[in-house]
Amino acid sequence: PFAHFLTAELDSTYKEYAGFGSVTWHITPAFDITGGVRYSHNEQRTTQSLQGGFVTVQGAEGTLLGKSSEGVWTWSVSPRYEINKRVAIYARVAKGYRPGGPNVVPPGAPADYPAQFRADTLISYEAGVRAETPDRTFGIDASIYYLDWKNTQITTTFDTSIGPVTADGNGEGAKSYGGEVTATLRPTRGFIVVGSVAYNDTALKGNILVGGSDGDQLPYAPRWTANLSADYDWAVGPDARAYIGGNIHLTADQAAGFSTAYRAAFARRLTIDGYQTIDLRAGVKFDRFSLGVYVKNLTNEYALSNVSYAFTVPVAIGGTNTPMARATSIRPRTFGATLGFNF
């Protein structure tokens, strides 16, 4: 019934000012501590202008303004001790943040619709060792860590008079702990083998509207990953070296995104099966340019990297809603070539 139904203009500005500094104290020739601090202040403004018959029917205000302002201190402390020239141990504690901001408030939004979302902060604790043999034929890097994530930024959905609307919000937080070991072997000139394995245990703190429960594993964070690579290069001329190599990558089962609908239907989280891929590469490097060929996912492994679930009704089947899932697969077997120039 309206010649002009709806025109929406959404404008936003973001300004941030920051200052930082760091200092290193060499307590002894083998022991030093580096510390740093940073202050960041941001200001954000949004303008939402709605015009047309839709606005009249909804009784919504034509122009809505949103703004937010916040300042955050972050810091880091990193002690390091050299046992000798080839072995060092280190630790690091650091705080980081991601800015929050205002949300666009739609017509008919409920009272609990978030007009803005807060910054989330993360404090990481890490300790590790780096070592190699005097002839550099063997090296190892190992570390353990703990991450404390507060006010986790999430995407959530609210019911309004115009239907479900997605907005940014904050959860209570999350935590993660784990470790990683990387070993490097150089048995002969031009030949290098690198193996790594990592463990990562994550957990959500508190419940969130989109279907996450306290203690749930975070989405797309597999507990185990591993990689093994080998490369060999040799001279084929005065200014050219040929190379050949490959790697095997393994990813364990992982939880997909949170979904209230899936949990209600199946009483569990949606998960993605683990998978492994094999990549091969070969080529020649000259003084000024390089030419290479590769194949990725040699065995054409079929696996999923992302899955989302919702109830939809593209076609009524048996008079009930049909559960549907949208999935993204990893890249299938791919052949390619590269040409590079140095300048």
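**Fold, salt bridges and local backbone features**

Asn-151 is placed in the loop that runs between strand 8 (138-150) and strand 9 (153-160); helices (H or I, at least four residues) and strands (E, at least two) are DSSP runs, numbered from the N terminus. The model is predicted, and local features need pLDDT of at least 70, side-chain atom pairs count only at pLDDT 80 or more, and totals for chains, interfaces and linings use all residues. Residues are numbered from 1 along each chain as its sequence is written, and side-chain values use heavy atoms, with hydrogens and water left out.

Although Asn-151 is not a glycine, its phi is positive, at about 55°. Asn-151 counts as partly exposed, at 25% relative accessibility; buried means under 20% relative accessible area, exposed over 50%, and partly exposed in between (1.4 Å probe, protein chains only). A positive phi of about 55° is also found at Asn-297, which is not a glycine. Asn-297 belongs to the loop between strand 18 (289-296) and strand 19 (304-317). With a relative accessibility of 3%, Asn-297 counts as buried.

The protein contains two helices and 21 strands. Its radius of gyration is 26 Å, well over the 20 Å that the globule rule gives for 343 residues, so the protein is more spread out than a compact globule. The radius is taken over C-alpha atoms, and the globule rule is 2.2 Å times the number of residues to the power 0.38. The C-alpha trace spans about 80 × 55 × 45 Å along its principal axes.

Of the 343 residues, 30% are buried. The accessible surface amounts to about 20800 Å², and carbon and sulfur atoms account for 58% of it; accessible areas come from the Shrake-Rupley method with a 1.4 Å probe, and for residues only the protein chains shown count as cover. Among contacts (heavy atoms within 4.5 Å) between residues at least 6 apart in sequence, 60% join residues at least 24 apart.

Ser-68 lies in strand 3 (residues 63-84) and is buried, with a relative accessible area of 12%. Leaving aside residues up to four places away in sequence, Ser-68 touches Asn-42, Glu-43, Gln-44, Gly-101, Pro-102 and Gln-116.

The structure has 11 salt bridges, each defined as a side-chain nitrogen of Lys or Arg within 4 Å of a carboxyl oxygen of Asp or Glu. One of them joins Asp-216 to Arg-263, with the closest N and O atoms 2.5 Å apart. This pair links distant parts of the chain, 47 residues apart: Asp-216 is in the loop between strand 12 (191-205) and strand 13 (224-237), and Arg-263 is in helix 2 (residues 260-266). Asp-216 counts as buried at 12% relative accessibility, whereas Arg-263 is partly exposed, with a relative accessible area of 25%.

A salt bridge also connects the side chains of Arg-136 and Glu-132 (3.4 Å, N to O). Arg-136 is partly exposed at 41% relative accessible area, and Glu-132 is partly exposed at 25%. In the salt bridge between Asp-233 and Arg-241, the closest N and O atoms are 3.1 Å apart. Asp-233 counts as partly exposed at 27% relative accessibility, as does Arg-241 at 30%.
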